[in-house]
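Here's a quick briefing to read alongside the structure. Have a look at the fold, then go through the notes by topic.

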Amino acid sequence: MMIISPGPRRLLIALVSVVAALVPFSSTHAEMSAWAENEGGRMRLVALAPDAGGKIRAALQIEPKPGWITYWKEPGNSGIPPQITIAADSGVSLDAIAYPVPKHFFNGAIEDIAYDAPVTLPLSLRAAGKGPVTIDAAAFIGICKDICIPFQANLQLKLGPAIQSYPQEEAILQAADARLPKPPSQDFDVTAHAMSPDRKTLSLDLVLPGEGKTAPDIIVTGPSGYAFTKQIGGKRDGRTFKVDISIGKLPKDYDISGKQWSVLVIDGERAMETTLAFQ
């Protein structure tokens with residue numbers, strides 16, 4: 001399936017939730033901000049002091065209430081991907097957001113790639129200076145049940161000295177890292193990929209870690225806002241799997257030459273994410 005966000009579902013948007021969440025949630029000289037809350041869940045910022053090179057290990061903790069979901073980086077038919085913006089005058093920049101392995105939900109024609117339980121998104125931040133650090137972040141997520149509520153909050157955090165130990169924050173960040181998909185390995189990888197001349201199908205050859213009989217879950221992400229999950233003619237032979245992924249419509253005049261896409265493969269309890277380079 002080709003997924004373009006946003007889509008037709010959940011047209012009732014509770015904009016009041018955005019306004020209510022714009023109040024800053026700060027935590028002075030601590031490593032966790034206060035929780036920002038709305039009717040669908042809550043979120044907060046966690047961080048450690050910069051290392052000698054200015055790198056800051058941080059994360060956005062999101063806790064949906066039971067029955068609610070929040071979205072992966074390419075969310076599905078109608079979701080809102082997480083967005084995090086650091087104030088330009090804070091002296092802190094955002095290098096990358098990492099995403100733990102999501103779940104794949106189907107409800108009729110609706111397809112979501114999301115989390116239905118607490119999730120922590122690791123953040124790679126960098127401080128420009130050497131003095132005290134204040135993180136001023138605006139976080140914007142979708143949190144959905146029967147409707148999708150935009151949830152926005154300003155999360156502020158002043159970091160303490162690096163010489164202190166913060167075991168609770170360390171444990172949160174380590175647990176988040178453990179839930180990330182792994183890089184390719186000898187027993188779990190995409191060994192070949194090719195786009196059809198009409199750009200309608202992407203052929204994948206994979207080596208898988210188990211001897212299962214079912215097809216793995218495959219999520220291909222292409223241009224921003226596009227994800228592709230529909231498998232055609234998949235054939236599993238022990239640890240090898242050959243399949244075509246339906247690509248469908250791409251942006252008008254899109255040139256795939258020189259582009260890099262990503263693919264997430266979930267096989268049982270293991271997940272792997274890698275890059276697909278196109279010549």
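Glu 169, Ile 172, Leu 173 and Ala 176 are the buried residues of H2. They sit on the same side of H2, because they cover an arc of only 90 degrees around the axis (the arc is that of the directions from the helix axis to the C-beta atoms). Here, buried means under 20% relative accessible area, exposed means over 50%, and partly exposed is in between, using a 1.4 Å probe and protein chains only.

This is a predicted model, so local features need pLDDT of at least 70 and side-chain atom pairs count only at pLDDT 80 or more, while totals for chains, interfaces and linings use all residues. Residues are numbered from 1 along each chain as its sequence is written, and side-chain values use heavy atoms, with hydrogens and water left out.

**More on H2**
- An α-helix has 3.6 residues a turn, so residues three or four places apart point the same way.
- Turned away from the buried side of H2 is a face that carries the exposed residues Pro 167 and Ala 178.
- The buried residues of H2 pack against strand E4 (41-47), strand E5 (55-64) and strand E11 (119-127).
- H2 covers residues 167-178, and its 12 residues should span 16 Å at 1.5 Å a residue, which agrees with end C-alpha atoms 16 Å apart (the expected span is 1.5 Å times one less than the number of residues).

**Whole protein**
- There are 2 helices and 21 strands in the protein, taken as DSSP runs numbered from the N terminus (helices: H or I, at least four residues; strands: E, at least two).
- Of the 279 residues in the protein, 47% are buried.
- Among contacts (heavy atoms within 4.5 Å) with a separation of 6 or more, 68% come from residues 24 or more positions apart.

**Disulfide**
- The whole structure has 1 disulfide, meaning a pair of cysteine sulfur atoms within 2.5 Å.
- Cys 144 and Cys 148 form the disulfide, with their sulfur atoms 2.3 Å apart.
- Cys 144 is buried at a relative accessible area of 1%, and Cys 148 is buried too, at 2%.

**Aromatics and charges**
- The structure holds 4 aromatic pairs, with ring centres of Phe, Tyr and Trp (its six-membered ring) within 6.5 Å; planes under 30 degrees apart are stacked, over 60 edge-to-face, and the rest tilted.
- Tyr 254 and Trp 261 make a tilted pair, because their ring centres are 6.5 Å apart and their planes lie at 40 degrees.
- Ring pairs link Tyr 226, Phe 228, Tyr 254, Trp 261 and Phe 278 into a cluster.
- The charged end of Lys 259 sits over the ring of Tyr 254, 5.2 Å from its centre (NZ of Lys or CZ of Arg within 6 Å of the ring centre and within 35 degrees of the ring normal).
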